[in-house]
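Good morning, colleagues. I would ask you to look at the structure on the screen while I take you through a few of its features.

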Amino acid sequence: MNTKLVSHSLFCGAVFAGSFFLMSASIEKNYHDTSLPPAKRAALLLKEMTLEEKIGQMCQYVGPGHVKQNEKKSDQNSNDMGNIDSNAFGLKFQTIIDKVRKGEIGSFLHVLSVEEANALQQVARQTRLKIPLLIGVDAIHGNGLHAGCTIYPTAIGMASTFNPDLLEKSGQETACEMRASGMHWAFNPNLDVARDARWGRIGETFGEDTYLVTQRGTSLIYGLQGRYGVEPERVLACAKHLIGGGEPMGGINAAPMDMSEQKLREVFLPPFISAVQSNVFTVMAAHNELNGIPCHGNYWLLNDLLRDEIGFKGFIVSDWMDIERMYSMHHYLPSEEEAFRVSVEAGIDMHMQGDKFFETILTAVRDGHISEVRIDKAVHKILEAKFLLGLFENPVVDIPGTRALIAPSKHRQTALEAARQSLVLLKNDGLLPLKKGVYQKIFITGPNADSQTILGDWVMPQPDDNVITVYEGIRAACPDAAIDSLCFSGVITNIQPEDIEIAGHKAKEADLNIVVIGENAQRYESKGRTCGENCDRDNLDFPGLQQELLEKIYASGKPTVLIMLNGRPLSVVWANEHLSAILEAWEPGMMGGQAIAEVLFGDVNPSGKLPVTVPYNVGQVQTIYNHKSSQYSRQFALTHTGYLFPFGYGLSYTSYRYGKPVLSKNRIKKDESITLSFDVTNAGEMNGTEIVQVYIRDEYASVTRPVKELKGFQRVSLKAGETKNIEFAITPDDLKFYTSRKVWEVEPGDFTIMVGSSSADEDLQKLTLTVE
Ligand code: BGC
C-alpha cells in the first residue's frame, strides 16, 4: 500500500492551521521505535497516557460527515444510518471535532470519504500524543459504504459458491480498497448462524449451517487481516455478533435468545472459536439478551467464555448504542450510566457511537468503581491494533497515489466470478439455457430488473456505470433482440394493478419474458425496503403486488423465466408449480447482471447451492436441515411438511453421477482418522462444477443428534464425460459432539456417512462407520 503523509484540509483552516506533523518532539520516545513489536510499543505509549487519554481511546463516534448531513436535514426522524436510534445522540459536528482535538475520541465509524478520513487524522495529530484514529466501516461485501468501490455478492451468495478461495480473495481486495479509502477496520465477518427465515439479516450471513458459517468466516478473516494475524497493509476483522442473534424470538432482529448450553456450544459458538484461532483481532457483542442477560453486560460470555476458555486476545467493541439499550430496551439496568459501567466490567473495550460514555467511565475509575488496570487492558489492545496497522507512521492516505486501487478491473473480475458461482438454479424444465438468437422480442419486468437492489444491504448508492443490472446484462447479451421493459423505477411498492395489466399485454407480444422480482435491502435513499437489518417479515411471499405481476406474465402463455433478487429464503410454491425456470440470484453485486445473463444463455453453467433451507411457507419456520430426529415425526394437518428446496440444493445444465462411496476402514477406534472416497462423473454434455457434500449422523448418543450435519464439501470441476475420484478425510473432530458429560468427544457406536449433491435424503448415498 503506497500511503505517505500528506496534508489535506477538509475542514476550515483553523482546524489545524496549516499544521504538519511535529514528529521531532516525540521521536526519542520509545514507542516510536518501529523495530519494537506492536504490543511493546503499545505498552510504552500506555505508560505516558493520562486516564482521560486512555478512556478517549475507548470511544468511537459516527463520522462527523454523517452528523453534518443530519444537521442539514429538516426531518429529524430520518433514519440516516438505517440503525435504530441513529439520530438519538444529538451531537454537533463541531462538538465531535473538539472532542478529537482533546483526545476524547480514539475511533470513528462510517466516515464518508477518504478526504474526511484524512482530515480527521490531521485533527488527531493536534493532540498531545498524536495518536492516530482507528476508522471502522461495515465493509460487508466490499467497501460498499463508499461510492465507487467493488461490490461483491452479499454473504448469502458468497456462501452459495461454497468456494473459500474466492471469499478470501474478495476479503483481501476489500482490505486494499478500504486502506485506499482511509479505513482500517471491517465490521465483518458476520458469524451469525441464520436459523429463522423471517429475520431480515439472513442476506448478511453465510446461512443456516454452523460448519459452512465457520469455514466462510475463517476465509474472510484471512482475506481481511492476513493468514497469520493482522498484516500492516490490511485491516482488522471483527467477528460478530456474539451471540445467538440468528435465531431471534419471532424472527425479529434484537429479540431475546434463550438457549441451552448444548445449542450455544454446538450451533453458535464454533464460528467464533475458529475466528479466534484465526487471530481475529476484534469481536462485536450482539444486540440480544442471552438467557436473560444482555450480551453487552454478560461477564460470563465476554470473559469466562470468550477470553478465558476460547482464548480471545483482541478487543471487544459494542454494537451501535447497544450499551445504552441495556437501560432503554432491555430494562436490565436502571440508567445509561450504570449500563456503561457494567459493560466495561463485563468486558466491552470500546463503545460504538454516542455520548456520555467518556464522562461516566472517567468518574467510575476516579471513584474506584472500575480499576485503571481494566482500562489499561482495553486500551493496550486498541493501541496495539493501531501500531500493527502502521497508523502511527502512515495515518493518512495519499489520495492521488491510491486512486487506482479502488475497483480496478482485477477486483471487478473477482466480483464477476463470485456472482457467477453464487447463482442457484432452483428449477429448469429445459427452458434454460436460452438459445441465443432465437428470442427476438424479450420483455423484462419487475422492480429489481434495472435497479441497485442487486447490491444488497450495507451499500451506498453507487455510480450507475459501476453496476450492471439484470436489464443491462441481458441487453448486452442480446444486442440484436428488441427488448421492452417495465421496471417500476426499482420500487416494489410502485407496482399498481393498472401496471400489471400493461405488463400482461407486453408479455403477450414478446417471445420471451424475464421477471426480476424479490426483495429490497437497500438502506440508503431507497423506498420500500423489505429486507436487511431491522427489516424482518411475518411472511415469506413476494412483497407487494409482485406475485400478481408474475402470474399475469405467466398467463401470457409465453416462455417465462423468474429471476429472484432477495436476501432471505422466499417460499415460491406457486412459481415452482407453474414456471419452467427459476434462478435464485440472491444479491449478486455490481457484476450481477452480467453473471445472470451468462447463466441464462449458457455461457456459464450454474453451480451455486443453497446455504439455507427454503420453507413452504412462513408457518413452517424453523426449517433447518440439521434438525433433530423427532422434528417431523408428526405432520402438519392440511399441508405438506418439510422443505420446498433443501439446504445444499442447486441444479446444473449437466448431470452428475456419484459412484459408490468407500471407507478405508468401516470399524475404527475413537481417535482414528479414515478416508472416504468415491467417483463423481459429469454424465451430461456440458462442462460444469459440482459441489459434493459429506454429511454425518451419530445414530445413538448420550444427547440426541441432528439427522445429519455437513462435515465437508468440495467444488469439483468436471469436463463433459469426465470422472474424478474424490477423497475426504474423516477425523475424530468430525465425529465429536458436546456430550452429556459436557465435553467434546467421540462416543462409540454407529455413524451414518452420507455423500451426495444436496442434504436431501434422495440425493445422498449412505454407509455405516462403527466406532469401537
Ligand atoms: C449492526 C452492526 C453494525 C453496526 C455499525 C449495527 O446496527 O448490528 O452489525 O456493524 O450497526 O453500523
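Which residues lie nearest the centre of the largest pocket? Before I answer, please note that this is a predicted model. The residues in question are Thr210, Glu266, Pro270, Lys711 and Trp744, and they belong to a lining of 41 residues. The volume of this pocket is about 1,100 Å³.

Where does that lining come from? Domain 1 (49-74 + 85-102 + 110-139 + 183-192 + 213-396) and domain 3 (656-771) each contribute at least three residues to the lining of the largest pocket. In terms of elements, at least two lining residues come from each of the helices α10 (210-225), α11 (261-268), α12 (270-277) and α25 (732-735), and likewise from each of the strands β24 (709-718) and β26 (737-738). As to class, 13 of the lining residues are nonpolar, 14 are polar and 14 are charged.

I turn now to the second largest pocket, with a volume of about 410 Å³. It is lined by 21 residues, and His627, Tyr632, Tyr643, Lys708 and Asp761 are the closest to its centre. Here the lining comprises 9 nonpolar, 7 polar and 5 charged residues.

Strand β24, which supplies residues to the lining of the largest pocket, also takes part in a sheet. This is an open sheet of 5 strands with mixed pairing, and the order is β21-β29-β28-β23-β24. β24 and β21 (667-668) are the edge strands, each pairing on one side only. β21 runs parallel to β29 (residues 764-771), and 2 bridges join the two strands. Within that pairing, Ile668 has Val771 of β29 as its bridge partner.

Let us move to another strand, β11 (residues 424-428). Why may β11 be described as largely enclosed by the rest of the structure? The reason is that 4 of its 5 residues are buried. β11 pairs with β16 (residues 581-584) in the antiparallel sense over 4 bridges, and Leu425 stands opposite Leu583 in β16.

Finally, a helix. Which residues of α3 (residues 38-47) are buried? They are Arg41, Ala42, Leu44, Leu45 and Leu46. The buried residues of this helix pack against two other helices, α4 (51-57) and α17 (372-388).

Thank you for your attention.

Key: Residues numbered from 1 in each chain as written. Predicted model: local features only at pLDDT ≥ 70, side-chain atom pairs only at ≥ 80, totals over all residues. Heavy atoms only, no water. Buried < 20%, exposed > 50% of the residue type's maximum accessible area, 1.4 Å probe, protein only. Pairing = 2+ DSSP bridges. Contact = heavy atoms within 4.5 Å. 1 Å grid on protein atoms, 1.4 Å probe; cavity = no way out; pocket = protein on both sides within 12 Å on 5 of 7 lines; lining within 4 Å. Points joined across faces, edges and corners; volume = space filled by probe spheres on them. Nonpolar A, V, L, I, M, F, W, Y, C, P; charged D, E, K, R; others polar. Domains from an automatic or database assignment.
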